[in-house]
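Here is a friendly walk through one protein model, for anyone meeting it for the first time. Have a look at the structure, then read on.

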Amino acid sequence: MSAPHESRAPRTPDHVRDALAGIAALLAPAHPSVTEEVLHAHDRPHDYVSAFEDRLDERGIDEPVENLAWIALIDALHAHGLLAEFDWKEDAHEIRAQLEGLGSRPSVDPWPLFDAPELSLPTDAFLHACGRRYREVGAALAVLDIESDCYPVVGLSAARAEELTALAARAGFPVQHLGTGPGGG
């Protein structure tokens, strides 16, 4: 996974808040409640932890943590079918099934582009293969890194991938685009 992006300009709480709201709007334009949850976690972390105690308990979080708003984003996107979270040893068929179920999946199906040998790749390599195939149909896959042994993956238009990267950098959180760059492209 990647390290957090360092922004050259100092991050203020308002800059972080605006960037988080921008990410939520970018990834969940039809679900304003995603933005509301993220901002709730950012603005009132103790209240958020109390309100989402059960959800956070699954992650071992029982009090505010530094990346709480980022976790809130991931959980809210997942709750709306806009994010799939994969274990580091996930089966390619399970990855495929979950990606096919995303509300943000591309309108053109990338799966006919897959070769049988790709389905036997390890999780990281298969996710990068998925990212390359999604790019071929104008879509992108990105990992919203939570510095864990899992891959929270979102889909979006390839044309908006750099916007996601810029907003995440402003907020101080890492994003890894699948199927691009070293190791993935």
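## A buried aspartate and its helix

Let's start with Asp75, which sits in helix α5, residues 68-79. Keep in mind that this is a predicted model. Is Asp75 buried or exposed? Its relative accessibility is 8%, and because buried means under 20%, Asp75 counts as buried. Leaving aside residues up to four places away in sequence, Asp75 touches Arg55, Leu56 and Arg59.

How far apart are the end C-alpha atoms of α5? They are 16 Å apart, which agrees with the 16 Å that 12 residues should span at 1.5 Å a residue. After α5 comes Gly81, and its phi is positive, near 70 degrees.

## Charged pairs

Side chains of opposite charge can pair when their charged atoms come close. In this model there are 9 salt bridges.

| Pair | Distance, N to O |
|---|---|
| Arg44 and Asp47 | 3.6 Å |
| Arg96 and Glu100 | 3.5 Å |
| Arg133 and Glu136 | 3.4 Å |

Salt bridges with shared partners also link Arg59, Asp75 and Glu85 into one network, so here our buried Asp75 turns up again.

Now for the pairs in the table. Arg44 has a relative accessible area of 42% and is partly exposed. Asp47 is partly exposed as well, at 42% relative accessibility. What separates Glu100 and Arg96 along their helix? They are 4 residues apart in helix α6 (residues 92-100), which means about one helical turn lies between them. Glu100 is partly exposed at 36%, and Arg96 is partly exposed at 26%.

Arg133 is buried, though, with a relative accessible area of 15%.

## Helix α7 and its surroundings

Helix α7 has 14 residues, and from its first C-alpha to its last it reaches 20 Å, close to the 20 Å expected at 1.5 Å a residue. Which residues of α7 are buried? They are Thr123, Phe126, Leu127, His128, Ala129, Cys130, Gly131, Arg133 and Tyr134.

What do these buried residues pack against? Their partners are helix α6 and the elements β1 (83-87), β2 (139-144), β3 (150-157) and β4 (175-177). Following α7 is Gly138, which has a positive phi, near 85 degrees.

Finally, find helix α1 (residues 13-27) and helix α8 (residues 161-171). Their axes come within 8 Å and cross at roughly 150 degrees. Angles over 145 count as roughly antiparallel, and α1 and α8 are therefore roughly antiparallel to each other. The crossing of these two helices is left-handed.

Which residues make this contact? On the α1 side they are His15, Val16, Asp18, Ala19, Leu20, Gly22, Ile23, Leu26 and Leu27. From α8 come Glu163, Leu164, Leu167, Ala168, Arg170 and Ala171.

Methods: Residues are numbered from 1 along each chain as its sequence is written. This is a predicted model: local features need pLDDT of at least 70, side-chain atom pairs count only at pLDDT 80 or more; totals for chains, interfaces and linings use all residues. Side-chain values use heavy atoms; hydrogens and water are left out. Buried means under 20% relative accessible area, exposed over 50%, partly exposed in between (1.4 Å probe, protein chains only). Contact means heavy atoms within 4.5 Å. A salt bridge is a side-chain nitrogen of Lys or Arg within 4 Å of a carboxyl oxygen of Asp or Glu. The expected span of a helix is 1.5 Å times one less than its number of residues. Axes are lines fitted to C-alpha atoms, for helices over the stretch in contact, and angles run from 0 to 180 degrees between N-to-C directions. Angles under 35 degrees count as roughly parallel, over 145 as roughly antiparallel, 65 to 115 as roughly perpendicular and the rest as oblique. A crossing is left-handed if the near helix is turned anticlockwise from the far one by less than a right angle, and right-handed if clockwise.
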